[in-house]
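Good morning. I will go through one structure, a few parts at a time. Please keep the picture in view while I talk.

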Amino acid sequence: KRAVLIGINYLGQKGQLRGCHNDVDNMKKFLIEKQGFSEQNMVILMDDGKHTSPTKKNILNAFQQVAEQSSSGDVVFVHYSGHGGRIKDQNSDEDDGNDETLIPLDFQQAGHIRDDDVLRVLVSPMPVGVTLTCVMDSCHSGTVLDLPYRFTSRGTKMQRNEKYKAKRASAFLCLNIMNLLAYIANAAVTYGIGTLAIVPGTSDNATLSAKYQTLVTPVGWAFSIWAVIFILELVWSIIQLFSAYRGSSLVRRGVGWYWIGVCMTQIGWTAAFSFEIIWLSLVAMLSILVFLLLIVVTQYRVKMKVSLRDYVLLKLPFLIHAGWILAASIVNINVLLVSLQLSAEILYYTALASLLVILGIALVCLLYPARKDLTIPFVLAWATSGIYVELQNPMDVIVQTFESPLYILVVQYGAIGVCGLVLFLSLFVGIWNCRSISADLRKNGSTEMTSLAPGGDYVSMGEV
């Protein structure tokens, strides 16, 4: 159970009110004593100098936060006591030509909070299955949520808002459709140019990978991870169209426009690499990495309970993709040096540095985040195991480039060493997380206090 309580007396301003703080105090007491709410799960905004100031930004942030933190089965109560208003409609979705508004403390500088804003930030993103109750004690508050129905004291039947469905559907659907189209375009280009080389003057990825073979290029079967990535991202591209996921914070906020960036830059990489513009392919590869890391980090910062199903559908595709692109970016750097025909010594030391970078990235993923996720370290271990296997029977070009077999052996055993260390540390971190979760469960005495997702994505409900 969560609550957002807002009371604005507009102290020192024209139109000052007197009872809005009392309204919040009374509502808070009612929710705690009669409805079983906890004060720690309440966000209170009042212009009394003691609580968070009810500015436009803070009110919208409170609405956004409670929507992000809630999941199916939760109860949310929102109370607003203050001035309300009406201003000219900007998108022709109001029969009377006016938007209903909430008037924040700083309305003279920041403006009103339109009913469109409340729908976009609070109502539409709220997950299916959440019970949301709003008490808006202000003028013109009857339609301030832009709900599909309203019941007035002058009638006995619900009145339907015919424009609600179109407005809600358009809130996110445009971006969701673009996400699917971006996936289709990326898959078509990757298969058509990267795999089949249907464009004249290009070569397929397998041929070019052999041509620019490096000491850290994984064995062929390691690249089968692309099948997993494309399948998972196909599923994501489809399910994010459905209403149950369309407004999810992991989609709307956690991915946003970044996915389109991933697809466009990956199309750019396929084209650049196929035409053997290696420096441009590296730029494109690093751009893919940036967009994927933005998705991974932004999704990590979304504080909400994540079920196993939602983790697999909404987060896992990008974690696997990011892990593989991290490894691929390192390989692409080595490919650029090979294309420049640098000396064997430079290629050798670059390969060793690459293994150290992979190890460093894995350590950061395992040790730095408060909520550990083992997916990226496992993908990096997969990549390094592929390097080891490839160097067991290296291509002729590698043997010819590195006359001393010691170079190849050092990188080979360095790769398996990194792989083993990453797997060992991942196992240790996983066991440690399980022990921490068990200790928390014993302390709280109930599994209702926790949420567990794969890889230690553990969220204490006390935190949110």
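**Strands, helices and a surface patch**

Strand β1, residues 2–7, runs parallel to β2, and five bridges join the two. One of the pairs is Ile6 with its bridge partner Leu45 in β2. Before going on, note that this is a predicted model.

Together, β1, helix α1 (residues 20–35) and β2 make a β-α-β unit, and the unit is right-handed. Why is β2 largely enclosed by the rest of the structure? Strand β2 covers residues 42–46, and four of its five residues are buried, so the rest of the structure largely encloses it.

Next, helix α2, residues 56–69. Its 14 residues should span 20 Å at 1.5 Å a residue, and the end C-alpha atoms are 20 Å apart, which agrees. Buried residues in α2 include Ile59, Leu60, Phe63 and Val66, and also Lys56 and Glu68.

Now the other sheet on my list. Three strands make an open, antiparallel sheet in the order β4-β5-β6. Strand β5, residues 98–102, pairs with β6 over two bridges. In that pairing, Thr101 has Arg114 of β6 as its bridge partner.

Last, the surface. Phe275, Ile277, Trp279, Leu280 and Val283 form a nonpolar patch there, with about 460 Å² of accessible area together. Ile277 lies in the loop between α10 (258–274) and α11 (278–301). Its relative accessibility is 33%, so Ile277 counts as partly exposed.

That is my part done.

Conventions: Residues numbered from 1 in each chain as written. Predicted model: local features only at pLDDT ≥ 70, side-chain atom pairs only at ≥ 80, totals over all residues. Heavy atoms only, no water. Patch = residues over 30% accessible without salt bridge, like charges linked within 9 Å, V, L, I, M, F, W, Y side chains within 5 Å. Areas by Shrake-Rupley, 256 points an atom, 1.4 Å probe, with all protein chains shown as cover. Salt bridge = Lys/Arg side-chain N within 4 Å of Asp/Glu carboxyl O. Buried < 20%, exposed > 50% of the residue type's maximum accessible area, 1.4 Å probe, protein only. Pairing = 2+ DSSP bridges. Right-handed = clockwise from strand over helix to strand, strands pointing away. Expected span 1.5 Å × (residues − 1).
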